[in-house]
Amino acid sequence: MQEVVHNDVMKRNVNRQWLLNSRPEGMVSENNFRLAESDIPKPKMGEVLVRVLWLSFDPTQRGWMARDTYVPKIPLGEVMRSFAVGEVIESNNNPDYNVGELVTGLFGWQDYIATDGKGMTGMRKVPKGIPPNLALSLFGITGLSAYFGVNDIGQCKSGETFVVSAAAGAVGSIAGQVAKKIKGCRTIGIAGGKAKCDWIVKEAGFDGAIDYHSEDVGKRLSELCPQGIDVYFDNVGGPILDMVLERINLHARIVLCGSISRYNTNVPFGPSNYFNLTARRARMEGFLVLDYAQRYPEAVQALAKWLAEDKLKQKEDIETGLENAPKAFMKLFKGENFGKQLLKI
Ligand SMILES: NC(=O)c1ccc[n+]([C@@H]2O[C@H](COP(=O)([O-])OP(=O)(O)OC[C@H]3O[C@@H](n4cnc5c(N)ncnc54)[C@H](OP(=O)(O)O)[C@@H]3O)[C@@H](O)[C@H]2O)c1
């Protein structure tokens with residue numbers, strides 16, 4: 001299928017591109033994007049031509065569409081920015097990358113990109129033996145976020161109680177498993193729906209699950225964490241963060257990884273139980289995985305070892321066809337993805 005699409009594109013000599021058409025207000029929609037076609041770019045001196053093969057979908061892209069964040073917003077009319085994996089298919093005297101190599105970078109929602117590899121987050125080679133999907137999931141920003149969030153910010157210790165939200169998602173499922181199987185924590189996940197809750201307990205090995213769609217989260221937290229909460233890995237923000245803050249222990253750590261429940265609204269929502277941070281001498285700390293780039297090899301090595309030892313269950317949700325990129329992206333905000341959302345072009 002992939003080859004058919006590619007050959008068709010080559011024959012037509014076009015580069016399909018999803019452009020940012022408008023900035024989202026409220027829930028992101030298909031109207032925020034526009035499909036266009038342009039010539040396949042020619043690599044300039046020192047550049048390579050990359051055929052994009054796989055796209056990664058990350059909630060942070062919603063922020064990139066709307067405003068300047070930790071990176072400048074995507075200009076209107078430009079290709080939708082996205083982490084991706086591609087293959088170098090042509091080189092115009094670039095000494096660093098060879099034709100045939102798999103590479104990863106911010107290639108965007110398009111078939112081809114000509115680049116010198118020095119863009120916003122740079123371009124990295126996918127290590128030999130790592131399949132492209134894993135390069136974007138377990139070894140991409142989501143697995144790496146779980147690793148640094150649990151280790152460096154959460155500083156989890158054996159015997160502690162660890163709670164994670166969006167627990168069946170790309171970051172949450174790995175964070176919970178590292179906390180449970182590597183760090184020895186008692187691990188509770190919060191997720192939407194029975195299927196996801198069943199999976200985190202039966203497949204991923206969590207000690208308990210809370211379905212925030214159908215259960216009283218506060219009550220269930222009290223039942224499942226009778227000794228209180230030592231580490232909360234927060235992926236969603238909003239009222240769930242408040243319910244956790246009500247139940248934190250002395251010297252608890254709140255890992256602020258993301259707050260997806262607020263990404264599609266402009267209405268601010270602050271935690272009202274923050275005073276517990278003082279009473280319990282606890283700490284809330286945000287982090288960005290991009291700040292850990294120098295230590296990615298350490299994290300990849302550890303995650304690869306745990307995967308080989310069957311300590312990590314890795315779940316991916318794979319769509320196909322570049323034309324379906326907006327639909328795949330919107331699944332993140334409706335809880336329709338189950339595991340790391342990817343798209344195979
Ligand atoms: N700090 C960093 O460097 C960094 C890096 C990567 C990701 N992140 C953050 O990590 C979080 C998870 O990202 P991910 O890539 O792993 O995505 P993901 O968890 O695989 O997918 C998003 C999930 O969020 C949940 N969700 C969506 N809307 C929600 C809402 N209104 N309330 C509660 N839950 C909601 C849904 O799960 P349910 O069905 O369970 O609701 C959905 O499946 C995001 O906040 C993201 O921004 C941070």
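**Close-up views of a predicted model**

**View 1. The shell around the ligand.** Among the 31 residues around the ligand, those that come nearest are Gly169, Ala170, Gly192, Gly258 and Gly335; a residue is near a molecule if its C-beta atom, placed from the backbone, lies within 6 Å of it. This is a predicted model, in which local features need pLDDT of at least 70, side-chain atom pairs count only at pLDDT 80 or more, and totals for chains, interfaces and linings use all residues. Residues are numbered from 1 along each chain as its sequence is written. The shell holds 15 nonpolar, 13 polar and three charged residues (Ala, Val, Leu, Ile, Met, Phe, Trp, Tyr, Cys and Pro count as nonpolar, Asp, Glu, Lys and Arg as charged, and the others, Gly among them, as polar). Helix 4 (141–154), helix 5 and helix 11 (325–334) each supply at least two of the shell residues; helices (H or I, at least four residues) and strands (E, at least two) are DSSP runs, numbered from the N terminus.

**View 2. The two domains.** The protein is divided into domain 1 (2–137 + 314–344) and domain 2 (141–290), with bounds that come from an automatic or database domain assignment. Their centres, taken over C-alpha atoms, are separated by 30 Å. Where the domains meet, 17 residues of domain 1 are in contact with 15 residues of domain 2, contact being C-beta atoms, placed from the backbone, within 7 Å. On the domain 1 side that touches domain 2, seven residues are nonpolar, six polar and four charged. The shell around the ligand draws at least three residues from each domain.

**View 3. Helix 5, an enclosed helix.** Is helix 5 buried or exposed? Of its 13 residues, 12 are buried, so helix 5 is largely enclosed by the rest of the structure. A residue is buried if 20 or more other C-beta atoms lie within 10 Å of its own, exposed if 12 or fewer, and partly exposed in between, with C-beta atoms placed from the backbone. The buried residues include Ala170, Ile174, Val178 and Ile182. The ends of helix 5 (residues 170–182) also fit expectation: at 1.5 Å a residue the span should be 18 Å, and the end C-alpha atoms are 18 Å apart, which agrees. That expected span is 1.5 Å times one less than the number of residues. Helix 5 is followed by Gly184, with a positive phi near 80 degrees.

View 4. Leaving aside neighbours within four places in sequence, Leu55 is in contact with residues including Trp109, Ala325 and Leu342. Ala325 is one of the buried residues of helix 11, along with Ala328, Phe329, Met330 and Leu332. Their cover includes strand 3 (48–56), helix 2 (60–66) and strand 15 (340–344). Gly335, with a positive phi near 65 degrees, follows helix 11.

View 5. His251 counts as exposed because it has 11 C-beta neighbours inside 10 Å. Asp310, in the loop between helix 10 (296–308) and strand 14, has a positive phi near 65 degrees. With 8 C-beta neighbours inside 10 Å, Asp310 counts as exposed.

Conventions: Contact = placed C-beta atoms within 7 Å.
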